[in-house]
Amino acid sequence: MNRIPGTQKKIVVGLIIMIFSIATATLIGYFFESIKIPETNIVIVYILAVLITARFSQGYLMGVLSSIIATLTYNYFFTAPYFSLSVYDPNYLITFVIMTITAIITGTLTSKTLQSEKEAKEKEVESNTLYHLTNYLTDAVDIKEIASVATSAISGFLACNVACLCFDFHGNPEETYIQQEDGSQQIIKATENIEEIRKRIENLHAIVDINEEFYDFPIYGRENILGLIRVPTSHAKKLTDYQVKLVHTMTENVALAMDRFYGIQEHLRLKEEASQERYRSNLLRAISHDLRTPLATIMGNSELLVSLSKKKDVIHDISNDINKEADWLYGLVENILSLTKLQDSKFQLKHEYEVVEEVLSVAIQNINRRYPKMEINVAMPNEAVLIPMDAKLIAQVLTNLLDNAAKHNKSHKPIDITIKKLETTSEIEFTIRDYGNGINEDDLPHLFTMFFIGSKQRVDAQHGIGIGLAICDEIIRAHHGTIQARNCTAGKGAEFIFTLPMKEKES
Amino acid sequence: MTVKTRILIVEDDNKISNFISFALQQEGFITLAAKNGQTALSLLVSEQIDIMLLDLGLPDFDGMEVLRKIREWSEIPVIIVSARDQDKEKAMALDAGADDYLTKPFSVTELLARVRVALRHFYRQNNQKIQNTIKVKNLEINFEKRLVYLADKEIHLTPLEYSLLSLFFKNVGKVLTTSYIIKEVWGVGYGEDTQALRALMAGLRRKIEQNPAKPIYLLTEIGVGYRLIDE
């Protein structure tokens, strides 16, 4: 950093003070001599002169210099032979030495005191500045206010007009910045060369970036750059190391305030999102739950009607249709409830080891209830397979997949279920294969998306709002497994394949 | 049965109560209805009731409380009715003395089956007649000889497997909770060692079922336990 241009001036001032004090000491010396005051007092007057010189000039160089000159002056004027630098009485040499040493020590001490005083004053300024800055920063309600506070504080400290340019969340400089003007005014100015600034600052890791117009002090946030403090170059050039350090400290305080603000914002956003999610989930759950009771009545009564009527009776078919539709509705309700259970943040996936064939048997029972004539073939390893899972949810997955297969299957065709152990990946693979028309190639990538029904509307398509497969996807993923669908290579039909880990994964 | 069986239906929803009543009446039962726990308990005391259907989600009393109160002085069969995702509640109720459960919505067939099984079990228990052999479809157990036959061919079971199967046979058609089975087969103090039970069930299943994934004898009731079915 450049020295403050007053240094040279200070040296001149110091010399003047020195000459003046030593001259005065000499005159006082002569006065003392004339009134017959002992010589020793003259020595002390010179030491006093050194003290004054050291006190009122900067740097201890002056102190040392003045001690030597004081000694020489005393020698010149007050020791025989007078007006010469030689000495007759060798005892004076001791006097000179002690005088010099005393003067030097005095000078040094004084200088040190001055230095300490100066440092203490600086520390006080530093503390005050930081104190006020931090105070205002904690009261600031948004980024603009933080920037404004920073600008005025740093401007006040450096006694020049500083600017503050904020960066947005993505690390791009904003289009306007705050500029301090004379008389505690602040104005908003348009940022020039936004792209250039961004490039320049992007990979900077230093405290300051020196440019033609501004010295830019980056405000480093926890994860990215939050802004720049711009000090006009004309003033910045003259800053001392100490001032730079303090500006840097202030900038870090500003960074803390900005980070805290963004942190709070993010936190509130997440809370809001979570609360909305919870509300939606609760709504779904309440509705689904409330649907169960009337469904039970409809299903029960329609079943009674079926059993009370003869097969040839038209009531028999009507009641059967009512029953089937109610059953479909119930399947939907179960799916929605599974979904809300998964989405519930309080829900903990059960990790108990369950027997695969048991869970599968429940799903098969469910399907046989709806499609009594459906033939289901199962191929699985001889020994029982136990894997960690939430049995209810996996049963739901299997039920949904089997239901899907049954819907697409041609009459009299079976559904083939294959369960395999994949030793290499430590997974169990479930394959459900139907003998239908296969899946439309266009639909394949979207099958597991929520509400996806499919491009081709088949003639007797069983309606669906497309959540069955999406729920399978969510459940499998929650178990750290994979799920996919594809058309069979050998013969017609589609295959749905999902895997589940054999051991609990450390998440 | 010359005397008609009397069923108490404890259900606060009118319409469900009606359809259950109607279905049971069709089968020759006499039905009584209570809308809440209080009425249920008073009816139990004042009327002759042979079997009870208890909804767990009653407005005044917690269904469990009613069950506990009843079990303090009555052994009549109780079938609890609950909504789907309350497995823990079902298991708890069964362990607290309920005989079986139904999940809403249920089919009439299921309802009738459960009622029949519960009554049969109740009468058998009170009959004190010891049956030497019990046969379910092609599976037969001989308690005296401690042998089990599948399609008249003897099958070899380990002692634990035999214990397990005989427990099921003594409760044909009834659901048995996991904790109950563990207590009966291994003894008190084995707590929640469901793994051992699962492994034992898997072994037993392979010996008596043609296809373990499509069992005709031993059904799994997820979250609750197992059941040996006879129909």
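Figure 1. At 13% relative accessibility, Thr73(A) is classed as buried, because the cut-off for a buried residue is under 20% relative accessible area. This model is predicted. Thr73(A) belongs to helix H3 of chain A, which covers residues 60-78. Apart from neighbours within four places in sequence, the residues in contact with Thr73(A) are Ile22(A), Thr26(A), Tyr46(A) and Phe78(A).

**Figure 2. Spans of chain A annotated as transmembrane regions.** An unreviewed UniProt entry lists residues 12-31, 37-54 and 92-111 of chain A under "transmembrane region". In the model, residues 12-31 of chain A are 100% helix and 0% strand.

Figure 3. Chain A contains 12 helices and 13 strands. Of its 507 residues, 43% are buried. Among contacts in chain A between residues at least 6 apart in sequence, 64% link residues at least 24 apart. Cys472(A) is buried, with a relative accessibility of 1%. Cys488(A) is also buried, at 12% relative accessibility. A search over all chains of the structure finds zero disulfides.

**Figure 4. A parallel strand pair and its crossover in chain B.** Strand S1 (residues 6-10) and strand S2 (residues 30-34) of chain B pair in the parallel sense through five bridges. Between S1(B) and S2(B) the chain passes through helix H1 of chain B, residues 14-26, in a right-handed β-α-β crossover. Within this strand pair, Ile9(B) is placed opposite Ala33(B) of S2(B).

**Figure 5. Ile7(B) within strand S1 of chain B.** Ile7(B) is located in strand S1 of chain B. With a relative accessibility of 0%, Ile7(B) counts as buried. Leaving aside neighbours within four places in sequence, Ile7(B) is in contact with Leu24(B), Phe29(B), Ile30(B), Thr31(B), Leu32(B), Ile51(B) and Val115(B). Ser21(B) is 14 residues from Ile7(B) along the chain, and the C-alpha atoms of these two residues are 8.8 Å apart.

Figure 6. Helix H6 of chain B, formed by residues 159-170, includes Glu161(B). The relative accessible area of Glu161(B) is 7%, so this residue is buried. Not counting residues up to four places away in sequence, Glu161(B) touches His156(B), Leu200(B), Gly203(B), Leu204(B) and Lys207(B).

**Figure 7. Antiparallel pairing around strand S12 of chain B.** Strand S12 (residues 225-228) of chain B pairs with strand S10 (residues 175-177) of chain B in the antiparallel sense over three bridges. Strand S11 (residues 218-221) of chain B also pairs with S12(B) in the antiparallel sense, over four bridges. Tyr226(B) takes part in both pairings: in S12(B) it stands opposite Leu176(B), and Tyr226(B) is also the bridge partner of Thr220(B). S11(B) and S12(B) form a hairpin in which three residues lie between the strands. In the turn of this hairpin, Gly223(B) has a positive phi of about 80°.

Technical notes:
Residues numbered from 1 in each chain as written. Chains lettered and ligands numbered in written order. Predicted model: local features only at pLDDT ≥ 70, side-chain atom pairs only at ≥ 80, totals over all residues. Heavy atoms only, no water. Helix = DSSP H or I, 4+ residues; strand = E, 2+ residues; numbered from the N terminus. Buried < 20%, exposed > 50% of the residue type's maximum accessible area, 1.4 Å probe, protein only. Contact = heavy atoms within 4.5 Å. UniProt positions renumbered as here; feature names shortened; annotations may be inferred. Pairing = 2+ DSSP bridges. Right-handed = clockwise from strand over helix to strand, strands pointing away. Disulfide = S-S within 2.5 Å.
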